[in-house]
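Here is a short briefing to read with the structure open beside you.

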Amino acid sequence: MTELSAHLPQFQHGQLTENFPDNHLSNTNDNSERRRHDNSERRRNDNPESETNGQPQSNIQQVVEQDEEEDEELTLKYGAKHVIMLFVPVTLCMVVVVATIKSVSFYTRKDGQLIYTPFTEETETVGQRALNSILNAAIMISVIIVMTILLVVLYKYRCYKVIHGWLIISSLLLLFFFSFIYLGEVFKTYNVAMDYITVALIIWNFGVVGMICIHWKGPLRLQQAYLIMISALMALVFIKYLPEWTAWLILAVISVYDLVAVLCPKGPLRMLVETAQERNETLFPALIYSSIQVWLVNMAEEDPEAQRKASKNSTYDKQAPANHTRNEDGEADDGGFSQEWQQQRDNRIGPIESTPESRAAVQALPSNSQTSEDPEERGVKLGLGDFIFYSVLVGKASATASGDWNTTLACFVAILIGLCLTLLLLAIFKKALPALPISITFGLVFYFATDNLVQPFMDQLAFHQFYI
Amino acid sequence: PARGLAQRGASRCSLSCRAFFWLVSLLLSSLIWFIAVKASDPHDKPLQKGLLIFGVMFSVLLQEAFRFLYYKLLRKAIEGLVALSEDGCSPISIQQMAYVAGVGFGLMSGAFSMINLLADALGPGTVGIHGDSQLYFLTSAFMTMVLIFLHTFWGILFFHGCEHRRWGEITAVVVMHLAVSGSTFCNPLYVGSLVPSYLLMAAAAAWAYLLSGGSAQNLRRFLLCKS
């Protein structure tokens with residue numbers, strides 16, 4: 001259930017260059033919840049001392065052999081399914097970015113740099129250029145780190161209004177302003193005559209529907225499409241305004257940062273996930289790409305009756321949650337509500353024994369809002385920052401490589417393989433994992449290798465028309 | 001249904017894995033070629049051509065080696081899946097994997113050969129204006145197509161050979177690959193490269209079909225639309 005997305009708001013918030021490593025794949029909680037649910041059904045009395053914050057590890061130790069095998073088999077099956085579910089949006093995002101880079105020259109034209117990368121790369125010596133790009137990358141990464149920590153602090157101290165305001169302003173900026181620029185450049189490229197009134201209508205509709213889909217409710221496909229579009233827009237901005245060496249350095253450093261932030265115990269992203277887990281909340285649906293429908297209502301608002309019923313049956317109730325409040329209102333009541341809920345729960349269903357089950361049931365309910373016959377259907381979530389950085393890598397490869405399409409294709413395959421591996425690791429470890437490091441490493445290695453080694457070789461082969 | 005999904009997921013993953021393996025083999029072979037070129041005199045044309053030929057042969061051998069490595073990886077994966085599945089049979093058979101693997105290799109190889117050409121074909125220009133062959137794009141297209149098909153069939157043959165320990169099949173695949181690549185050395189004399197390649201493709205197709213359990217009877221039944 002928890003996903004990490006955290007950083008996106010920071011850069012969406014008009015500070016064009018911040019990207020956040022919000023990359024986490026987590027279907028972990030989904031998986032762990034399911035496991036817990038399965039376990040609890042079979043052996044209800046065996047987990048009296050399960051931790052309330054539901055660490056998967058404690059359950060794993062108590063699993064019976066047979067349960068473990070069945071779970072693993074399901075895990076693999078769902079792992080395979082998740083691969084498909086994530087390949088398509090990542091591919092789509094990259095395709096959109098590459099198509100735009102190849103056709104609209106605006107995004108490859110150098111029109112200055114952002115204030116976060118003040119040092120220019122047009123220097124006389126290579127050493128100076130290297131130094132400047134290192135400084136640029138350092139500034140950018142520190143801004144990102146500061147913003148992440150700020151976000152975690154805000155989240156910890158329950159300043160939900162601030163976070164939501166920030167998110168809304170960022171998505172407003174992306175959906176209206178950036179798409180207006182994008183549309184304008186596309187029209188310029190294809191020499192399409194257009195009047196302001198039509199453009200205003202188009203952008204208004206696009207933006208408003210986007211805001212509704214992302215921040216409130218909307219058809220799953222539409223929400224996914226919008227998330228892909230804003231990721232692509234953001235990636236294009238980065239490709240345009242980041243100079244070459246700076247971009248590669250930032251990509252490398254950000255995957256290291258992602259690794260550290262997610263896996264270290266004191267990492268900000270890990271703290272974010274754990275806090276969200278403790279509070280039993282979803283994180284910022286506006287920043288996570290989810291492959292299944294996620295209700296934006298606060299799960300704790302559900303009818304305690306439903307919780308009890310669900311925890312008693314092994315199947316999930318498909319009842320829709322009682323109130324579908326707006327995300328902002330719901331979130332604002334989080335702090336107080338959770339305590340009430342806890343009291344109610346304590347009164348009605350009694351303490352700790354039920355906690356894993358009811359928690360599993362409650363967390364499972366929203367995820368199953370799609371009418372799926374398969375009660376164990378789980379989605380996987382990928383942060384939007386991942387989409388953005390993957391697309392930045394592939395976009396930069398297609399914009400600046402001498403090998404052109406070969407390099408782009410190689411980076412594309414490398415990123416997909418990295419994603420595959422990360423999903424595999426996710427299925428094995430069942431906790432939130434950073435999605436950037438493996439893919440970006442493969443992508444960078446393949447970019448430089450293909451551009452410098454493979455391209456001359458393929459060129460010569462094509463010249464002589466030899467085939468390998 | 002879950003099985004079907006696992007199958008699709010496994011094939012997609014396998015396809016990209018296969019593409020990745022081909023890419024790595026290409027990378028390594030171009031690394032070797034690059035080193036050789038840098039270590040030699042760039043103005044010596046015959047030497048450069050000789051080095052290129054060496055690069056091509058080495059690349060072919062490396063591709064086949066990676067195909068073998070991929071086979072080993074798939075074997076392990078399928079064993080793992082079989083061990084975990086309820087009814088003792090894996091959701092995807094080795095033949096299907098062989099086919100997907102072959103297609104993956106072929107697609108990647110074809111894409112890499114063709115895509116820059118296609119991009120250039122979109123732009124302005126005249127084919128063969130400096131006296132080269134005017135059929136460049138056409139023959140490239142045919143050559144790429146035959147290679148993709150060949151990779152698919154070779155995948156099936158190779159995996160079958162590995163499964164049943166028939167070294168004859170494996171060596172046949174390697175020799176065929178070397179032959180096809182070698183035949184392209186007589187380009188732009190396209191008769192020398194395209195015709196043998198297509199003949200080899202027909203032979204490989206028939207062989208792969210027979211190995212996959214087909215027969216002349218099946219074919220006749222299929223063509224005459226009998227059930």
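Predicted model: local features only at pLDDT ≥ 70, side-chain atom pairs only at ≥ 80, totals over all residues.

Chain B is built from seven helices and zero strands, and about 4100 Å² is buried between chain B and chain A. Over all chains, the structure holds 10 salt bridges.

**Chain B on its own**
- The C-alpha trace of chain B spans about 65 × 45 × 40 Å along its principal axes.

**Helices H3 and H4 of chain B**
- Helix H3 of chain B (residues 94-122) packs against helix H4 of chain B (residues 136-163) at an angle of about 160 degrees, and their axes are 8 Å apart.
- An angle over 145 degrees counts as roughly antiparallel, which is why H3(B) is described as roughly antiparallel to H4(B).
- The crossing of H3(B) with H4(B) is right-handed.
- In the contact of H3(B) with H4(B) there are 16 nonpolar residues, 10 polar ones and one charged residue.

**Where chain A meets chain B**
- Chain B brings 52 residues to the contact and chain A brings 39 residues.
- Of the area buried between the two chains, 77% is on carbon and sulfur atoms.
- How many salt bridges are there between chain B and chain A? The count is zero.
- H3(B) also takes part in a helix pair across the two chains: its axis and that of helix H16 of chain A (residues 405-429) come within 9 Å and cross at roughly 145 degrees.
- On the H16(A) side, the contact is made by A:Trp405, A:Asn406, A:Leu409, A:Ala410 and A:Val413.
- On the H3(B) side, the partners are B:Met108, B:Ala111, B:Phe112, B:Ile115, B:Asn116 and B:Ala119.
- By class, the contact of H16(A) with H3(B) has nine nonpolar residues, two polar and no charged.

**Helices H5 and H10 of chain A**
- The axes of helix H5 of chain A (residues 126-156) and helix H10 of chain A (residues 268-279) cross at roughly 15 degrees and come within 9 Å.
- Angles under 35 degrees count as roughly parallel, so H5(A) is roughly parallel to H10(A).
- H5(A) and H10(A) make a left-handed crossing.
- H5(A) contributes A:Thr148, A:Leu151, A:Val152, A:Tyr155 and A:Lys156, and these meet residues of H10(A) including A:Pro268, A:Leu272 and A:Arg279.
- The contact of H5(A) with H10(A) divides into eight nonpolar, two polar and two charged residues.

**A salt bridge within chain A**
- Side chains of opposite charge can pair when their charged atoms come close.
- A:Asp404 and A:Lys102 form a salt bridge, with the closest N and O atoms 3.1 Å apart.
- A:Asp404 lies in the loop between helices H15 (384-400) and H16 of chain A, and A:Lys102 lies in helix H4 of chain A (residues 65-103), so the pair ties together parts that are 302 residues apart in sequence.

Technical notes
Residues numbered from 1 in each chain as written. Chains lettered and ligands numbered in written order. Heavy atoms only, no water. Axes fitted to C-alpha atoms, helices over the stretch in contact; angles between N-to-C directions. Helix = DSSP H or I, 4+ residues; strand = E, 2+ residues; numbered from the N terminus. Parallel < 35°, antiparallel > 145°, perpendicular 65-115°, else oblique. Left-handed = near helix turned anticlockwise from the far one by under 90°. Nonpolar A, V, L, I, M, F, W, Y, C, P; charged D, E, K, R; others polar. Contact = heavy atoms within 4.5 Å. Buried area = accessible area lost by both parts, 1.4 Å probe. Salt bridge = Lys/Arg side-chain N within 4 Å of Asp/Glu carboxyl O.
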